[in-house]
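Visitor: I have a model open and would like to go through it piece by piece. Can we start with the strands?

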Amino acid sequence: MPANLYKRGSTWWCRFKVNGVEYRRSLRTTSRAEALRRLAAEREQVAHVRYHGEARVTWKMAVEEWGAVASQSISSSTMKRYLVSMRAVRPILESLYLDEITQRTIAKIANRKGVSNATLRRDLTAVSAVLRYARGQH
């Protein structure tokens, strides 16, 4: 068992240092394999904050923040269409942080098979609106 993973009761916890600062966190799982995955994610998150001075924002968080603001500034029919697009791109973007969205990720959205060009353009417009909002906020 790695020295930075340990159990409290049946729950896995992690302990690691970044730049000389020790971090201890519950990984909120009883599965060792899942604990190892979460440990890697925790280390990456803490390292990002330490070196870049900001918390990483997930796609889901960005969509929620954007939705709260956009619903007051765009028409209900446009908002409805954007939400349809958000559901369509969800499998591609759901697990990503905003800084992990690359040209290759956008290409996956744009090159989906069986989707009309008009729908692809609408989906890309919706993604662009969220990213533009998040860039201005974070």
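Guide: A definition to begin with: two strands count as paired if DSSP finds at least two bridges between them. The model is a predicted one. With that criterion, β1 and strand β2 (residues 11-18) pair in the antiparallel sense over 4 bridges.

Visitor: Which residue of β2 stands opposite L5?

Guide: C14 is the one opposite L5. Elsewhere along β2, T11 is the bridge partner of R8.

Visitor: And the turn of that hairpin, how many residues are between the strands?

Guide: There are 2 residues between β1 and β2 in the hairpin, and G9 has a positive phi near 70° there.

Visitor: What is the strand order in the whole sheet?

Guide: The order is β1-β2-β3, an open sheet of 3 strands with antiparallel pairing. β1 (5-8) and β3 are the edge strands with a single partner strand each, so one side of each has no neighbour in the sheet. On average, neighbouring strands are turned by 30° against each other, direction ignored.

Visitor: OK, what follows β3?

Guide: A loop between β3 (21-26) and α1 (32-52), and R28 lies in it. Phi of R28 is also positive, near 55°, and R28 is not a glycine.

Visitor: Is R28 buried or exposed?

Guide: Exposed, because its relative accessibility is 70% and the cut-off for exposed is over 50%.

Visitor: Switching to the other arginine I marked, R112. Where is it?

Guide: R112 is in the loop between α4 (103-110) and α5 (117-137).

Visitor: Buried or exposed, that one?

Guide: R112 is buried, since its relative accessible area is 18% and buried means under 20%.

Visitor: What does the side chain of R112 reach?

Guide: The backbone oxygen of I109, at 2.9 Å. The side chain of R112 also makes a polar contact of 2.4 Å with the side chain of D123. Leaving out residues up to four places away in sequence, R112 touches A88, V89, I92, L120 and D123.

Visitor: Now the packing. How many residues are in the largest nonpolar core?

Guide: That core has 21 residues, and W59, W66, M86, L93, L98 and V130 have the most contacts inside it. The elements giving two or more residues to it are α2 (59-70), α3 (76-93) and α5. α5 supplies the largest share, 6 residues.

Visitor: Is there a second core, or is that a separate question?

Guide: A second, separate core has 10 residues, among them L5, W12, Y23 and L39. In soluble globular proteins, nonpolar side chains tend to be buried together.

Visitor: Back to W59. What does W59 touch?

Guide: Not counting residues up to four places away in sequence, W59 touches M86, V89, L93, E94, L96, L98, I101, V127, V130 and L131.

Visitor: Last one: at what angle do the axes of α3 and α5 cross?

Guide: At roughly 85°, and the axes come within 9 Å. That makes α3 roughly perpendicular to α5. On the α3 side the contact is made by R81, Y82, S85, M86, A88, V89 and L93. From α5 the contributors are T119, R122, D123, T125, A126, V127, A129 and V130.

Notes:
Residues are numbered from 1 along each chain as its sequence is written. This is a predicted model: local features need pLDDT of at least 70, side-chain atom pairs count only at pLDDT 80 or more; totals for chains, interfaces and linings use all residues. Side-chain values use heavy atoms; hydrogens and water are left out. Buried means under 20% relative accessible area, exposed over 50%, partly exposed in between (1.4 Å probe, protein chains only). Axes are lines fitted to C-alpha atoms, for helices over the stretch in contact, and angles run from 0 to 180 degrees between N-to-C directions. A polar contact is a pair of N or O atoms within 3.5 Å; within protein, one must be able to donate a hydrogen and the other to accept it, and residues adjacent in sequence count only if both atoms are side-chain atoms. Contact means heavy atoms within 4.5 Å. A nonpolar core is a set of buried Ala, Val, Leu, Ile, Met, Phe, Trp, Tyr and Cys residues joined through side-chain atoms within 4.5 Å. Angles under 35 degrees count as roughly parallel, over 145 as roughly antiparallel, 65 to 115 as roughly perpendicular and the rest as oblique.
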